[in-house]
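These notebook entries record what I looked up on the fold of one chain and on its contact with a neighbouring chain.

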Amino acid sequence: MLKVVHYINQFFANIGGEEMAHVPAEIREGIVGPGLAFKQAFGDEAEIVATVVCGDSYFNENMEKAKKDIIEMVKKYNPDIFIAGPAFNAGRYGVACGTIAQAVKDELKIPVLTGMYEENPGADMFKNSIYIVSTKNSAAGMRKAVKTMAPLALKLAKEEKIGSSAEEGYMPNGKRVNFYEKDRGSKRAVKMLLNKLNGKPFTTEFPMPDFDRVPPNPPVKDITKATIALVTSGGIVPKGNPDHIESSSASKYGKYDIDGVMDLTEETFQTAHGGYDPVYANEDPDRVLPVDIMREFEKEGKIGKLYRYFYATVGNGTAVKNAKAFAEKYAKELKADGVDAVILTST
Amino acid sequence: MIITNNDLVYSKLKDDYNILYIDGSFRDVLVKTRDKVHAGYELLTHPLSSSLKPNETPYKSVIISDKKGKLNFNSVYIIEDAIIEYDKFNMNIIKKISEKIRKDFKLIDLTVLESALNINY
Amino acid sequence: MKLELGYIFIKDIQFAEQSKVENGTLYVNKEDVKALILEDQNFKSADVELARPGESIRIIPVKDVIEPRVKVEGPGGIFPGMISKVETVGSGKTNVLKGAAVVTTGKIVGFQEGIIDMKGPGAEYTPFSKLNNLVLKCEPIDGLKQHEHEKALRFAGYKVAEYLGNLAKSLTPDEVHTFETPSLTEGLKLYPDLPRVAYVLMLQSQGLMHDTYVYGVDAKKSLTTMIYPTEIMDGAIVSGNCVSACDKNTTYHHLNNPVIQDLFEQHGKTLNFVCVIISNENVYLADKERSSNWSAKLAELLGVDGVIVSEEGFGNPDTDLIMNCKKIESKGIKTVLITDEYAGRDGTSQSLADADAKANAVVSGGNANEVIELPPMDKVIGHPEVVDTIAGGFDGSLHDDGSITAELQVITGATNEMGFNRLSAR
């Protein structure tokens, strides 16, 4: 029989609601709470050998320790699969399920599965790297969720071939898988067109990539008089990373004064970016943020002047929403300071 | 201007057209085309002309404008998407190709190009 | 325009002294067919073989698949402008040998593509494994140029299909399907409340081995135009396209265009199927702009509310598809696109070579890069050695035991972009 370890939060373990969200991780033998529904669905193919229970606040506030502790707990049982949740629309629970499932997958190299509502923030964070079953937005959808999760969990545990998201019920993960539809393509096209014409909902079979193409602004009238700013997602920061910009999934950006700085050197600047080999950027940060060349151009009169500050963040798994919010803030400052043009450098 | 790595195109059309012959790969042709597009030349034929897959045929001919103008964003999108498409296929390395098949690929590339130049048989 | 299609169901195919159709069996005189092929002096020899559903047979490389049809009543003949006079077809009565097909094979170029397996996992992917096929293997005379070879092989297919079709001329069909397209004004009167829908059929048109013909006209030399759907059922559009086996439209696909069938099925019920707009896929970007401008203009002129756009082939036609979509949507006309995907072997790459946010309703025929295994077959008709050199194959694709490891794109019709199959991807 296949062995399963299940992860749930304090609420589903019947410890309590928000007021008990601080309880640290513990492991109990056998089934707790929604594990019962899984047990019924598994029949005699798999059994939940242990259940990890952890408060949502505890997990999210002590993430590194919680991850480490839970991995140790799970390891002891040597399971064939690790299931977290389902978390439905509970945001912190969803993030916890995704985070711990990802960690178990990476550290223990066993298959993992979780489930949540598609708008749960944990979904966007993890759906491309682990299987997440799409559930309803409340615990009323438990039966339906288990009905989809249990067979998928068995397939994963047995290392069977996983079909397409449409067949298996996981959230589309950017990996296209072939399968047979009920109707032929032309018939699906006619149906889709009728729905589109009648204002009814329809789902495209291939969502277009999100380009977010920006129409270019008119050119700078006289570049020799323009003030130009440098902005980078390449993570260039003063040595020591004073604002502690995260090496991935950055939650902030930095604004740094380069008044009088003619050249970025190994001694004064570095990259905070964790998504590329930092050796060449650290050796000469101008390679990512070309202050040296801008100063030359300034001196030669090719540009008006280099703006006194540069803005930097780390574009490594950073949520588009965050990145947009950063840009909205500093774009206002740049505009207010009379900057005419910005050079954006990436990596 | 025709950018090509197909010597059959070069030898057949060199007297009538301005040809930039590339002694290199399909990708080299795309990259050279991209550089020209970045410099303001307009793309006149689709760089993925023909349904032959980029890891199938080694030959490619592309037509760009003779004159340089303003940067054409449509041309930029198309050539850059074509390079992405090329790289996607060339994760699988090109097969061994006999001289006869090479000749066939050259011919197909030539005729596809000629369909754009309105040369008929 | 009104056409009655009479289906005569074919359940078996056999060689016999006399060619005829009897009790659902198509009997073929091999020598007659050979002689017909060899009328063309470009061929030095010809062979004819049978491939039935479920038999352990692999056909490779496949050039075209053609369904035998015959005009019983009404003007013109099948394949007008090719082997019949350029008369307007699409009305009267046509008989069809449903369940039978002529398959042409032959190495026009060294990398000729297309596999049909009659059995096993490969058979699942191609609709032609379900047909009783007469396979033509024609050897060209020495030194025949590729252009002439392609044309000769194309015509051999039409001629043999016509020969078989003629056997059905005086037969009583098992089933009759009626398709009628009223004039624009009649249609408006008949179905005043139904949404008006047109079908934009994109045709491959890029040079040797990439061509499609409409009443004998090379599609790349035509502006976007209109055609009655029933004209296509009588062979007004034929395929000269031998590249990208999985998503090229064979002549069989044109004759049995599934979008046309499924729009007719809803015609008068939930929608008013106005007509077919045929547009090409040329190499020249200005041609693409012009052709898509005309698609949009015709859709607007016809006053339709929605269109289905189908694609043919790989790569640059994605640009035509997206241009058609953008321009037609800009006229306030709703679009649904049918395409297939090249998402890489692991399915994680960008599927199309072009894209636009307006393309929000897309039907997918599957990922052509997915790797499949084809077990050996007892018999191979054609040239198995081409497997290593065709698109989707690679060095070592063909194993010693005759089995094949290759991408799905090696199979004829596997990811058809008219929506012929049930295969899709998510």
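I first looked up contacts in chain C between residues at least 6 apart in sequence, and 79% of them join residues at least 24 apart; two residues are in contact if their C-beta atoms, placed from the backbone, lie within 7 Å. The model is predicted: local features need pLDDT of at least 70, side-chain atom pairs count only at pLDDT 80 or more, and totals for chains, interfaces and linings use all residues. Residues are numbered from 1 along each chain as its sequence is written, while chains are lettered from A and ligands numbered from 1 in the order in which they are written.

I noted that 62% of the 426 residues in chain C are buried (20 or more other C-beta atoms within 10 Å of the residue's own, with C-beta atoms placed from the backbone).

I then turned to the contact with chain A, to which chain C gives 44 residues and chain A gives 31 residues. Elements of chain C that give two or more residues to this side include helix H7 (258–266) and strand S26 (423–425); helices (H or I, at least four residues) and strands (E, at least two) are DSSP runs, numbered from the N terminus. The largest share, six residues, comes from S22(C).

Finally, I looked up strand pairing, for which DSSP must find at least two bridges between two strands. Strand S7 (residues 178–180) of chain A pairs with S26(C) in the antiparallel sense over three bridges. Opposite C:Leu423 in S26(C) I found A:Tyr180.

How values were computed:
Buried ≥ 20, exposed ≤ 12 C-beta atoms within 10 Å, placed from the backbone.
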